[in-house]
Amino acid sequence: ALTPMGWGIEAVLWVAETVSGWPGAVALISPMPLAALCAAALGGLWICLWRGRVRWFGLPVFLAGLAGPAISTPPDILVGDDGRLVAVRDRSGAVYLSPGRGQRFEREMWLRYLGASESAGWPAPGAGPAGPLSCDGAGCIVRLDGRSLSLASGLEAVTADCARTDAMIVLVRAPRRLCGPEKVLFSTFHLWRDGGHAIRVDRAGFEIESVRERRGDRPWSRLSERKRQYLRTSPTSRP
């Protein structure tokens with residue numbers, strides 16, 4: 001009986017390989033929001049559990065859930081928990097990943113999350129702008145929807161960009177006196193404390209969400225005792 005079973009498995013694999021090779025067989029879309037996922041699950045359960053015509057009342061809910069990725073917008077900027085990996089998504093959908101050879105898994109997951117198959121070229125220092133990005137040796141400036149945001153990786157950028165940009169992301173340990181807290185969205189301290197950050201940009205301003213804020217303070221993801229001790233002794237410290 002295992003021989004004909006093997007024929008069936010081979011047929012399934014052949015169909016999968018053939019279809020996956022067709023043009024447009026794979027499409028990257030935005031992640032499904034939690035509300036859309038719940039709607040699709042509830043609508044599907046309603047269709048499966050009820051009998052008769054009333055079951056089809058769940059179809060609009062199910063379809064509305066499936067439409068979630070089409071109306072959701074991924075973040076414009078992602079910053080990793082150590083500040084070394086940064087992703088910028090422009091309005092055309094192109095994703096720019098900061099250069100580097102490490103963090104291969106995170107890079108692949110970020111590209112999928114942002115709905116891109118590959119990274120666009122991050123501009124070299126002094127090489128001119130690429131999409132919304134322009135960089136020099138001390139950092140980069142992102143321009144989206146009439147807003148400017150500095151990704152400061154050097155002390156020179158913290159000083160120079162504080163006055164000429166709308167907001168700052170400080171990816172280097174810098175004294176607070178170099179740029180006031182009203183301009184700094186977050187710094188290395190916030191990355192250390194709260195993990196990676198996501199930023200959405202529009203004409204009204206900047207919307208920020210951290211990993212810790214999204215995940216919550218759960219028993220298996222609480223701050224380490226070393227971090228808690230540091231925050232207790234220096235609650236307002238900003239390296």
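# Cysteines, a helix and a greasy patch

C162 is buried, and C179 is buried too. Let's start from that pair. One word of caution before we go on: this is a predicted model.

What do C162 and C179 form together? They form a disulfide, with their sulfur atoms 2.1 Å apart. Where do the two cysteines sit? C162 lies in helix 6, while C179 is in the loop between strand 7 and strand 8 (184–186), so the bond ties together parts that are 17 residues apart in sequence. The angle about the S-S bond is 80 degrees, and the link of C162 and C179 is right-handed.

How many disulfides does the structure hold? Two. The other joins C135 and C140, whose sulfur atoms are 2.0 Å apart. Is the disulfide of C135 and C140 right-handed or left-handed? The torsion about its S-S bond is about 105 degrees, so it is right-handed. Both ends are tucked away. C135 has a relative accessible area of 11%, so it is buried. C140 is at 8%, so it is buried as well; the cut-off for buried is under 20%.

Now number the bonded cysteines in sequence order. The pairing reads 1-2, 3-4.

Take C38. C48 is in no disulfide; its nearest cysteine sulfur is that of C38. How open are these two? C38 has 39% relative accessibility, so it counts as partly exposed. C48 has 62%, so it counts as exposed.

Next, helix 6.

Helix 6 covers residues 155–164. Which of its residues are buried? A157, V158, D161 and C162 are. They span an arc of only 120 degrees around the axis, so they lie on the same side of helix 6. Here is the background. An α-helix has 3.6 residues a turn, so residues three or four places apart point the same way. Now turn to the other side of helix 6. There, E156, A163 and R164 are exposed. And what covers the buried residues of helix 6? The cover includes strand 5 (139–144), strand 6 (147–152) and strand 7 (167–170). Remember C162: it is one of those buried residues, and it is also the partner of C179.

On to charges.

Side chains of opposite charge can pair when their charged atoms come close. How many salt bridges are there? The count comes to eight. I'll show you some.

Look at D76 and R91. They form a salt bridge, and the closest N and O atoms are 2.6 Å apart. This pair links distant parts of the chain, 15 residues apart. D76 is in the loop between helix 4 (68–71) and strand 1 (77–79). R91 is in the loop between strand 2 (86–89) and strand 3 (95–97). Is D76 buried or exposed? Its relative accessible area is 4%, so D76 is buried. R91 stands at 44%, so R91 is partly exposed.

Another pair is D82 and R84. Their side chains meet in a salt bridge at 2.8 Å, N to O. D82 has 36% relative accessibility, so it counts as partly exposed. R84 has a relative accessible area of 60%, so R84 is exposed.

Then there is D194 with R193. Their side chains meet in a salt bridge too, at 3.0 Å, N to O. D194 is at 10% relative accessibility, so it counts as buried. Salt bridges can also share partners.

Last stop: the surface.

Which residues form the nonpolar patch on the surface? They are M32, L34, L37, W56, L59, L63 and L66. Together they have about 680 Å² of accessible area. Helix 2 (34–49) and helix 3 (58–66) each supply at least two residues of that patch. Which helix gives the most? Helix 3 does, with three residues.

L66 is placed in helix 3. Its relative accessibility is 45%, so L66 counts as partly exposed.

Conventions
Residues are numbered from 1 along each chain as its sequence is written. This is a predicted model: local features need pLDDT of at least 70, side-chain atom pairs count only at pLDDT 80 or more; totals for chains, interfaces and linings use all residues. Side-chain values use heavy atoms; hydrogens and water are left out. Patches are made of residues with over 30% relative accessible area and no salt bridge: like charges are joined within 9 Å, nonpolar side chains (Val, Leu, Ile, Met, Phe, Trp, Tyr) within 5 Å. Accessible areas come from the Shrake-Rupley method with a 1.4 Å probe; for residues, only the protein chains shown count as cover. A salt bridge is a side-chain nitrogen of Lys or Arg within 4 Å of a carboxyl oxygen of Asp or Glu. Helices (H or I, at least four residues) and strands (E, at least two) are DSSP runs, numbered from the N terminus. Buried means under 20% relative accessible area, exposed over 50%, partly exposed in between (1.4 Å probe, protein chains only). The arc is that of the directions from the helix axis to the C-beta atoms. Contact means heavy atoms within 4.5 Å. A disulfide is a pair of cysteine sulfur atoms within 2.5 Å.
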